Structures are given as C-alpha cells and as structure tokens.
Protein chains: 2
Amino acid sequence: MDKTCSVNKTLSRISKKWALLILRELNDNGKKRFSVLVKEMKGISPRTLTKRLRELEKIGLISRKKFNEIPPRVEYELTKKGKELIKIVNYIELWTKKFKVK
Amino acid sequence: MDKTCSVNKTLSRISKKWALLILRELNDNGKKRFSVLVKEMKGISPRTLTKRLRELEKIGLISRKKFNEIPPRVEYELTKKGKELIKIVNYIELWTKKFKVK
C-alpha cells in the first residue's frame, strides 16, 4: 500500500493547478526570476505563484536563491529531483498523444 | 497549455483513491473477476470498486468482459493503454524511492 501512497501523493502535488506549468517553464528555460515567471505564465496571480513556488520548494522540486541586491533578486530553478520528475511527466505527455487522451 | 492539461487530467484521474491500486492489481496478476478484486483489495467497498472500475473503463485503461454464464461472470483486464501508463507510474515509483519521497 505504501508505495502506491507516495506515488499518489506525488501525482496529487504536481497535478495542482499551475504546478506542472511552473515546473515546465523552469525546465525549458532554466533559472527564472519571480517577476519574469509572473509575466510569462499568463493568467497566474502573484499570490498563487508564490504559493505554488513555496509548495514546490518544500517538496524539493525547485530551489530558491535570494541575492542580496537592491532591489532584491530571487531566482527559481529546478532541482535534480525536479528535473527527473519532469522527464517522467514528458513520458506521460507522449502517452496522452499516442492514445489521443484529451 | 493544452498539452499540460491532458497530462494534468490523467494525473488527477489515476491519483483518485484506489485507482492506482486497482490498475496495479490487474497489472501484476492479469485478468480478475469482480468478486476476487473485492477480496484482494482489502478495505474497498463493492460500491467504490464498481465506481472506480467504471471510471477506469470509461477512460480506456481497463476492459470489462462479461460472460453469459450462470451465475454471470465479469472479468476486468488492463488495456494496452493502461499497461503503458502503469509502466510510467512505475518510473514515478522508482523516482520516489531514489529521492526518498514520502
């Protein structure tokens, strides 16, 4: 039972609204500043983005780096764990295409 | 957006309670009768099992075969689409182990 449980949790976490899109944005384009992410992910509110980024950081899929500059700069990046998960998600995407899942 | 959407939907569908366990049970042990599934998946109610089986059948992950026997016999089996999805789920499981995800 336990093994399915951790898989289930992982699936639930990344299937939350915006979570996958954030991960993919960072996967495709590398490090990103918060302000850039907000602009590029059309439709997300800064509040929701902050929330999702914290959740993704908490479960170790992304890392947050703060630079002591004025104005302060914060960059987000996929961790190794996040990168490997995205690879698997890409397999799921291929599967949805192969079987024409909508 | 669309591609992430179909991946998201897939993830939501299979992360529903019991869904993954049913898929795995059928993957590990082949065709199964309803009565056997109920017994082997300890804790699931026949009602919930019926519901999940219908959902999984509807999205093409399992097939249902009814035999005209008395008493009637119904067998469930993974489809090709379901089998390929389970392979990907197994990658997620390896990932959870590698990164000690709980």
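K100(A) lies in the segment after α5 (80-98) of chain A, where helices (H or I, at least four residues) and strands (E, at least two) are DSSP runs, numbered from the N terminus. K100(A) is not a glycine, yet its phi is positive, at about 50°. With 68% relative accessibility, K100(A) counts as exposed; buried means under 20% relative accessible area, exposed over 50%, and partly exposed in between (1.4 Å probe, protein chains only).

The model is predicted: local features need pLDDT of at least 70, side-chain atom pairs count only at pLDDT 80 or more, and totals for chains, interfaces and linings use all residues. Residues are numbered from 1 along each chain as its sequence is written, chains are lettered from A and ligands numbered from 1 in the order in which they are written, and side-chain values use heavy atoms, with hydrogens and water left out.

**Backbone features in the loops**

A positive phi is also found at W18(A), a residue other than glycine, where the angle is near 80°. W18(A) belongs to the loop between α1 (2-14) and α2 (19-29) of chain A. Its relative accessible area is 12%, and W18(A) is therefore buried.

In chain A, the bond from I70(A) to P71(A) is cis, with omega near -5°. P71(A) has its place in the loop between β2 and β3 of chain A. In chain B, I70(B) and P71(B) are joined by a cis peptide bond with omega about 0°. The loop that holds P71(B) is the one between β2 and β3 of chain B.

| Residue or bond | Angle | Value |
|---|---|---|
| W18(A) | phi | near 80° |
| I70(A) to P71(A) | omega | near -5° |
| I70(B) to P71(B) | omega | about 0° |

**Architecture of chain A**

Chain A contains five helices and three strands. Along the sequence these elements follow the pattern α-α-β-α-α-β-β-α. The C-alpha trace of chain A spans about 50 × 30 × 25 Å along its principal axes. Chain A has 102 residues, of which 43% count as buried. Contacts in chain A (heavy atoms within 4.5 Å) can also be sorted by separation in sequence. Among those between residues at least 6 apart, 48% join residues at least 24 apart.

**The sheets of the two chains**

Strands of a sheet pair through backbone hydrogen bonds, either parallel or antiparallel. In this analysis, two strands pair if DSSP finds at least two bridges between them.

In chain A, three strands form an open sheet with antiparallel pairing, in the order β1-β3-β2. β1 (32-33) and β2 (62-67) of chain A stand at the edges and each has a single partner strand, so one side of each lacks a neighbour in the sheet. Two bridges connect β1(A) with strand β3 (residues 73-78) of chain A in the antiparallel sense. R33(A) has E75(A) as its bridge partner in β3(A).

In chain B, the open sheet of three strands has the order β1-β3-β2, and its pairing is antiparallel. Its edge strands are β1 (32-33) and β2 (62-67) of chain B, each of which pairs on one side only. β1(B) is joined by two bridges to strand β3 (residues 73-78) of chain B, and the two run antiparallel. K32(B) has Y76(B) as its bridge partner in β3(B).

**The interface between the chains**

The size of an interface is often given as the accessible area lost when the parts come together. Here, buried area is the accessible area (1.4 Å probe) that two parts lose on being put together, summed over both. Chain B and chain A bury about 3,300 Å² between them, with 70% of it on carbon and sulfur atoms. The contact involves 34 residues from chain B and 32 residues from chain A.

Two salt bridges are counted between chain B and chain A, a salt bridge being a side-chain nitrogen of Lys or Arg within 4 Å of a carboxyl oxygen of Asp or Glu. In one salt bridge, the side chains of K98(A) and E84(B) meet at 2.9 Å, N to O. On the side of chain B that touches chain A, α1 (2-14), α2 (19-29) and α5 (80-98) of chain B each supply at least two residues. α5(B) gives the most to that side, with 12 residues.

**Cysteines**

The structure holds zero disulfides over all chains, a disulfide being a pair of cysteine sulfur atoms within 2.5 Å. C5(A) counts as partly exposed because its relative accessibility is 37%. C5(B), at 36% relative accessibility, also counts as partly exposed.
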